[in-house]
Amino acid sequence: MEALYATITGVLAACGLFLALRGRTFPVVVGLTLLSYSVNLFLFSTGGLNTAAAPVIDDHGGQYTDPLPQALVLTAIVIGFAMTAFSVILAIRVRGELGSDDVHAGRANESRENKS
Amino acid sequence: MQHLPILPILLPLFAGLLLLLNRDGATRPRRIISLISTLLLVMVAIALVNQATDGEIRYYALGDWQPPFGIILVVDRLSAMMVLLTSVLALGSVIYACAGEDEKGTNYHGLFQLQLMGINGAFLTGDLFNLFVFFEVLLIASYALLMHGGGKTRIHASFHYVALNLANSALFLLAVGTLYGATGTLNMADMALRIGNLEPEQMELVKVGAMLLLVVFGLKAAMLPLYFWLPRAYAAAPAPVAALFAVMSKIGIYAIIRVYTLIFGDHAGPLGNLAQPWVWWLGLATLILGTVGVLAARDLRAQVAYLIILSVGTLLAGIGMNSIAAQSALLYYLPHTTLITGGLFLLVDSIAMQRGQAGSRIVRARGVKEPVPLGLFFFIGAMGIAGMPPFSGAIGKTLLLQAAIGPAQQAWLWSVLLGSGLLAIIAMSRAGSTVFWRASPRDETSVTNLGIRRGIAIGLLIGASPIMALFAGPLTAYTQATAEQLANHDAYIRTIIGPQEIGEVP
């Protein structure tokens, strides 16, 4: 299970990174979202992976799973979701204001301003 | 008094919520709420500093969950000082915004208060994950504030800023996760305790986590390979927001100081002081490139933004020296540079308002309407930031130069720091003489006056430089004690974890 989990996390992170380095705003936003998914998976695994174990210590002292990473992941998911929503809206604003979804779209205007 | 440490977070939160209730209401009550909240914050911060001067470290356990299990807020000299610095800077910024900037978009004051909450929380928290949460709180408020008023350059600069910070947040989580996986705790004091007796195979993991954290904080602080976002974002931001952003890069500096002296300090064995050599060289390089930026800037806003990078480089070099004297010097230099650069952002905005079309560009153009107050402020600010006596920059830099030990440090620090000071003076005097002296006759009719509010705000922040120079004695005594307190991690850990638990850890 560990190998599968690690592979999935790594592939997600690699895809996210690749998309985040693209030149258009939408792939960048999707890439950052994928990156945050892989980070969430990674964070979830930091307490160690257990199957069929509850996040509570019972009286018998049986197998249990660390509850803290689950709490951390929940927080990270909420924050990541809000940030993704914000960046999607921002990307739409960029498209609307600059008339292009290229991440360097503003450069042309800027250099002209500096020269004058 | 028991609940004092939580007030710097609750006060802006409630003020922010109050301002959210009626987003399109009249401007006047909103300004009053914002001003009162910020004034109260200054008072609370003064009370905190006053409390911290006795040298005791206090913590506030949220929900009375005791550390290391619960989240705690820690007030020591350093965090109290940073909260006071933030509140003074915020006061200047709010007063300036009340002169009209807040009417250019919706809910300026509400967002501003929420950002203050995030900044104060980041300074006070004693928990690594909680630090991440407060980083996000201040970031999401800063995204909205950066775009306040709209406009093409602002929107475009903010997309870069947002994308970069989202990637940075992902890295932060990776680092925190790695450290949690290896040490099993998120409380900074507890982590510092456990890092000394780790298994060898976990040692490498912790090292990876520590260096990842350095990247994260380095991006916040605008350290060398990670600073390229800063000049564009800060130059595009509205002036009062840019002034508050002057403290944002110092959050990165604060986090580096906190994490690498407390968690990875001398007691951490092979992991001790692992960031300092990196920070030293990268700090010097940041200093050099920041100076080049100051010289090359063709716009006053960009020039002030590069001055921030210059000061960040100086502070990082101070951290890299890793001695009590250096830390004391940089803690004196930090508030000075934050307040002056904040004041300069406000000042440049006022200058741009009076120059019509030319704005803040450093070109021969119409003169300003009120050259005397603006020129005087610019002179004090420029001399203060460049490190000329009799202002505070000179004292801070002298302390830092004195703290360099041995020819290895002295040769590098003295040449780079003094050289950058000289070049900064050249750049600032060139900019100042172009703007104020090489000006064509001015048009008296259509420009905005400086006005009483802008005057007070700029005076408050720029005036900090002579005041900090006047009270340099007590201030350096405080920073010296702060540096000693930081070096004494045992006392910190003992206060938070308690002596009996320290004995129990194998």
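**View 1. B:Ser142 counts as buried, because its relative accessibility is 0%.** Buried means under 20% relative accessible area, with a 1.4 Å probe and protein chains only. B:Ser142 sits in helix α5 of chain B, residues 128–146. Helices are DSSP runs of H or I, at least four residues, numbered from the N terminus. Leaving out residues up to four places away in sequence, B:Ser142 touches B:Gln115, B:Tyr161, B:Phe245 and B:Met248. Contact means heavy atoms within 4.5 Å.

The model is predicted: local features need pLDDT of at least 70, side-chain atom pairs count only at pLDDT 80 or more, and totals for chains, interfaces and linings use all residues. Residues are numbered from 1 along each chain as its sequence is written, chains are lettered from A in the order in which they are written, and side-chain values use heavy atoms, without hydrogens and water.

**View 2. Helices α3 (residues 77–97) and α18 (residues 451–462) of chain B pack at about 160°.** Their axes are 8 Å apart. Axes are lines fitted to C-alpha atoms over the stretch in contact, and angles run from 0 to 180 degrees between N-to-C directions. α3(B) and α18(B) are therefore roughly antiparallel, a term for angles over 145 degrees. Residues in the contact include B:Leu89 and B:Ile95 of α3(B) and B:Ile456 and B:Leu460 of α18(B).

**View 3. Chain B meets chain A through 32 residues of chain B and 35 of chain A.** The area buried between them is about 3,000 Å², and carbon and sulfur atoms give 77% of that area. Buried area is the accessible area (1.4 Å probe) that two parts lose on being put together, summed over both. B:His156, B:Phe159 and B:Tyr180 supply 22% of the area that chain B buries against chain A, more than any other three residues.

Notes. Helices (H or I, at least four residues) and strands (E, at least two) are DSSP runs, numbered from the N terminus. Buried means under 20% relative accessible area, exposed over 50%, partly exposed in between (1.4 Å probe, protein chains only). Angles under 35 degrees count as roughly parallel, over 145 as roughly antiparallel, 65 to 115 as roughly perpendicular and the rest as oblique.
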